[in-house]
Amino acid sequence: LSNPPSSLSFLEGSLLIVFQGKLTLLRDTKTDGSFLVHHFLSFYLKAGCKVCFVALLQSFSHYNIIAQKLGVSLTAAKERGQLVFLEGLKSCFDVFFGEEQHVGQTNPLQFVSKDGSNLKTMYEFVRTSLMASGSDSWKCPVLLVDDLSVLLSLGVRPVDVLDFIHYCRVAVCSQLKGNIVVLVHSNDDSEDEENELVVNSLCHQSNLILWAEGLATGFCKDVHGQVKLAKAFSLLPMLP
Amino acid sequence: MAALATGGATPSDGATSFQRKVPASSRLAAIAGTRPSVRHGQLLLSSGLPSLDCVLGGGLAVGTLLLIEEDKYGIYSNLLFKYFLAEGIVCGHNLFVASAKEDPADILKELPAPLFDDVHKNQVDEKETAIKSKQESQESMKIAWRYQNLPKMEVSPAASARFGHYYDVSKTVSPELLKSIKWHRFFLPEEMSLHPEIKTCNMTCGYTRLLQSIQRIIYQEGFDGSYPQKKQKNILRIGIQSLGSVLWGDDICCTDNPEDIFSLTKFLYVLRGLLRMSLSACIITVPAHLIQNKAIMERVTNLSDTVVGLESFIGSERETNPLYKDYQGLIHVHQIPRLNSLICDVSGTKDLAFRLKRKQFTIENKKIINIATLINN
């Protein structure tokens, strides 16, 4: 292994080499699983990967402040071209309040106003963000999504959400040998059938599922819940 | 959260993003009626109810949405709505009041009068000793009582440096106090008659207009940092009454199979963007008990920051239950935001009942109430 320009340990670095071209599903039940998103974001940036972050739920400064606590500056990562950050709230603002000609055809959130369910522009955004350019020296590309359930609230049909993930897998996992990490919310007694459909389908497709669950006995100040690991991949021993 | 737009950013400039322009320290804390959170420097506002502020971890964060699920007759949710706006008046904030059923001017006239004097403290002192002995471990109640020890001689509202105030619901706010603040109105019947039909983003017409109206005020009054040279920054408190009800043109409250289930959630998403980019906070009441499609409320919750549900005892069997003799209903805290931090700070209890007196609305732990009543009986 050549010396990686990152603060990862040797073990973490090896894991990265083995774990490529995979879809990881993050799901949370009765608790907020976004801490997993923050972890993966800082992990992949420290590892030297190129990251496309589709951040639909919170503002850039929210993620940046937390990332700094985890030892990464998102602003610096953006400036050196390692991080492409899609701030969903801002893009939606542009679509809703912006002039028609300024929005153009390329705003990834334009489905909110146009035909309502076509995620093609968002897919194109992801693909062009992670495409290798000649001068890049980044490791495997990563697509991170927080969170997919929001798309359903914006009028996207479940089948179109799943299509979007499928297209991204082809482009990012198969062609570019990168990883995809996606967060979804779910509840045991949820009545949101569309969301359950998406979650179940993704559980089936993904290589690794990290499930953050709130405690069954109710809220507790010191212990927020447990994280279950499901469908873990098999690690090939990587010892010199 | 207070994220200010960088100067000169235009909507078409895709490379910029809203960034914090000033350090989140003394500059922002100088805004009346706000204080930084102890945990993560987030700027907080009072909801108008000191006991609710405790339950929410100190107050409402600037740039966030407080969603209230209305109680069956909307009595107590309307009261919380009024406390929020009244607090804005006392702090000198700007208000934006939106309603589809009541003229905003009438809503403002009926806001409760703030309490500025000693009288309230004396009355409350007697209760203080009684309740304190029941709840030694109840930190949140102690914090609520602590407000009584702050300076009580408030000469004028502008001089009020306190965080969180008490109100007398039997009196309405004085017209002079109302005149001292700047406020904006959105009354749907009025808006619909003024302009022809428009439909943007496949959203209910009323919601579209409301969003445009809010955005216009935020931009024109500089709440998004558009005028960095403006010396004194202020907060915009937005109050939206009974969103989702039939009067807004939405049918999610009156049918099992609404024509458009996305209008409300799209509205909340666009609103979220507006709130995050400005020095504002918003309270919305929603008649959740009328929405048959529960998936909608799940999505609404995910798109809101703080979600509180009210359940009144009126007309229920609990009204005659001796356990709840002095209480008017229950408060369910469904969600509290985790902003700028990996964990949230929230009081450990979720079993809360509320009690409304003329000069005070308190929130207490249900289990303590049960134990206390059992001991007394």
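Which residues form a nonpolar patch on the surface, with about 270 Å² of accessible area together? In this predicted model, the patch consists of Tyr73(B), Ile75(B) and Ile314(B). Patches are made of residues with over 30% relative accessible area and no salt bridge, with like charges joined within 9 Å and nonpolar side chains (Val, Leu, Ile, Met, Phe, Trp, Tyr) within 5 Å. A salt bridge is a side-chain nitrogen of Lys or Arg within 4 Å of a carboxyl oxygen of Asp or Glu. Tyr73(B) is located in the loop that runs between strand E4 (65–69) and helix H3 (75–91) of chain B.

Chain B contains twelve helices and 14 strands; these are DSSP runs numbered from the N terminus, with at least four residues (H or I) for helices and at least two (E) for strands. Three of the strands form an open sheet in the order E1-E2-E3 (chain B), paired antiparallel. Strands E1 (34–36) and E3 (60–61) of chain B are at the edges and each have a single partner strand, so one side of each lacks a neighbour in the sheet. Strand E2 (residues 43–45) of chain B pairs with E3(B) over two bridges, pairing requiring at least two DSSP bridges. Leu44(B) has Ala61(B) as its bridge partner in E3(B).

Of the 377 residues in chain B, 58% are buried, that is, under 20% relative accessible area (1.4 Å probe, protein chains only).

Residues are numbered from 1 along each chain as its sequence is written, and chains are lettered from A in the order in which they are written. Local features need pLDDT of at least 70, and side-chain values use heavy atoms, without hydrogens and water.

Note on methods:
Predicted model: local features only at pLDDT ≥ 70, side-chain atom pairs only at ≥ 80, totals over all residues. Areas by Shrake-Rupley, 256 points an atom, 1.4 Å probe, with all protein chains shown as cover. Buried < 20%, exposed > 50% of the residue type's maximum accessible area, 1.4 Å probe, protein only.
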